[in-house]
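Q: Could you walk me through this model, starting with how far to trust it and then going through its parts?

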Amino acid sequence: MEITKINESKSQLEGFTKRLECSVEYHDGQFEDIWVEIGGPNAGNVTNSVDPWVVMLLPVAFTLGEPIETSEAIDQTLLQNLRSLQEIWSFWYPKFSPIEITANTTNRFPSSVKNKRSTASFFSGGVDSFHILANCTGPGRVIDLTGLITVWGFDVPLSKPNEFSIVRNSCDDVAASLSLESNVVATNIRSTRFGRANWGGLSHGCALASVGLLFSPTYEKVLIGSTHQIPDFQPWGSHVITDPLCSSSVCQIVHFGATENRVDKTRSLINFDPARRHLRVCWKEQAAGNCGKCSKCVRTMSTLHLFGNLNEFRTFDSSKFSLNMLAEVVLHNKNDESFICEINNEAKILGDLAIHEAATVALSRYRREERFRRLLKPILLPLNRLLRHAPYFWRFAK
Ligand SMILES: [Zn+2]
């Protein structure tokens, strides 16, 4: 794929200031325009360089096996980092190989950035985001945070402007209460070929980092909230090993909070007022609120219930919560299993037998089903291959 053009123009969305557009030609001859719109106090101070776009395109290039070409110069440090990043991806996913990035290189530091710059964090309103704010604002902060970046087009789709409006108001309120800048970005990336890369397992860290690099003239450091705790090193799109490898000479991407698990992070929010007013963990309905039924909602409500603070968090309806919901929660993968294990371990430490029993029911059912799936795999795989091309049956051979 070739990055043929990067354009800047006026915004086409209400509440945004500027649009940056990247034209890409793929190896099959098809063209695609990927755009980002920027709003907030720093919209006039973003980079027009190719760096963010290469990071944004890397997961899809890696997935499709297409080298990236550009006539623009890329930051030397970033190029080296992206080679290392792909080595890790191909170790995790051996059927894919690193692709070449063909470009001239430049070292952007220090001549290209003259202003004193600061630190921003991505903010979605979830536990990981609020954990950053609880640690990086106020007395005793570990990093001096000055701005938030909220993205429309990742978890809330562009087709839901009213939902994003609620999210944006909530982010603006949190930012104002903590004297932080509220930056906002909209992008069509998930409706482009980028969607062919695995969002959870591979691409969402690069999507976030690319938006962070856009703000490199304003922020020298951009934080991404961790998902898993060290030493849980299961492959994931945003990871303590891979996120820093999206850093350039002028903007460091920091994976924050990996020393704590999700239960610890939730505990850190119990007395944090912005989180009590605005905590939003649910992506199930791609909406602004919490559904109160999905696995993410149920495990967050269970953790808050374990600490005795669920009814203080206004974005959850505590009257509809019961421990049966935890016992019946459906776990889809190792990722879900690890989060329920954390709740179970904390319940044992705190001596909460009711939560321990409910979590054990959910975990036992998942492990039973996993054993059954493993037993059936040798039978189902050949059957799947056999039926894939058979008339009518191909619909079921997935
Ligand atoms: Zn939910």
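What follows is a conversation about the model, from domains to sheet, helices and loops.

Q: Before we start, what kind of model is it, and how are residues numbered?
A: This is a predicted model, in which local features need pLDDT of at least 70 and side-chain atom pairs count only at pLDDT 80 or more, while totals for chains, interfaces and linings use all residues. Residues are numbered from 1 along each chain as its sequence is written.

Q: OK, which domains is the protein divided into?
A: There is domain 1 (2-256) and domain 2 (289-398), with bounds that come from an automatic or database domain assignment. Taken over C-alpha atoms, the centres of the two domains are separated by 30 Å.

Q: What order do the strands of the open sheet come in?
A: The open sheet has 10 strands in the order β6-β4-β1-β2-β3-β10-β9-β8-β11-β12, with mixed pairing. Its edge strands, each pairing on one side only, are β6 (101-102) and β12 (252-256). Strands here are DSSP runs of E with at least two residues, helices are runs of H or I with at least four, and both are numbered from the N terminus; two strands pair if DSSP finds at least two bridges between them.

Q: How many bridges join β2 to β3?
A: Eight bridges join β2 (residues 18-25) to β3 (residues 31-39), and these strands run antiparallel. Leu-20 has Val-36 as its bridge partner in β3, and Arg-19 has Glu-37. The hairpin of β2 and β3 has five residues between the strands, and Gly-29 takes a positive phi near 90° there.

Q: And what does Glu-37 stand opposite in β10?
A: Glu-37 stands opposite Ala-186 in β10, and β3 and β10 run antiparallel, joined by four bridges.

Q: Switching to helices, at what angle do α1 and α5 pack?
A: Helix α1 (residues 51-64) and helix α5 (residues 199-214) pack at about 175°, with their axes 8 Å apart; axes are lines fitted to C-alpha atoms, for helices over the stretch in contact, and angles run from 0 to 180 degrees between N-to-C directions. The two helices are therefore roughly antiparallel to each other, a term for angles over 145 degrees.

Q: Which residues make that contact?
A: On α1, they include Val-55, Met-56 and Leu-58, and on α5 they include Leu-202, Cys-206 and Leu-213, where contact means that C-beta atoms, placed from the backbone, lie within 7 Å. By class, the contact has 11 nonpolar, two polar and one charged residues; Ala, Val, Leu, Ile, Met, Phe, Trp, Tyr, Cys and Pro count as nonpolar, Asp, Glu, Lys and Arg as charged, and the others, Gly among them, as polar.

Q: Is α3 mostly covered or mostly uncovered?
A: Helix α3 (residues 127-136) is mostly covered, with eight of its 10 residues buried, among them Phe-130, His-131 and Asn-135. What covers the buried residues includes β8 (118-122), β11 (219-225) and α8 (295-306). A residue is buried if 20 or more other C-beta atoms lie within 10 Å of its own, exposed if 12 or fewer, and partly exposed in between.

Q: Last one: where is Ser-179 found, and why does it count as exposed?
A: Ser-179 is found in the loop between α4 and β10, and it counts as exposed because it has 9 C-beta neighbours inside 10 Å. Its phi is near 55°, a positive value in a residue other than glycine.

Terms used. Parallel < 35°, antiparallel > 145°, perpendicular 65-115°, else oblique. Contact = placed C-beta atoms within 7 Å.
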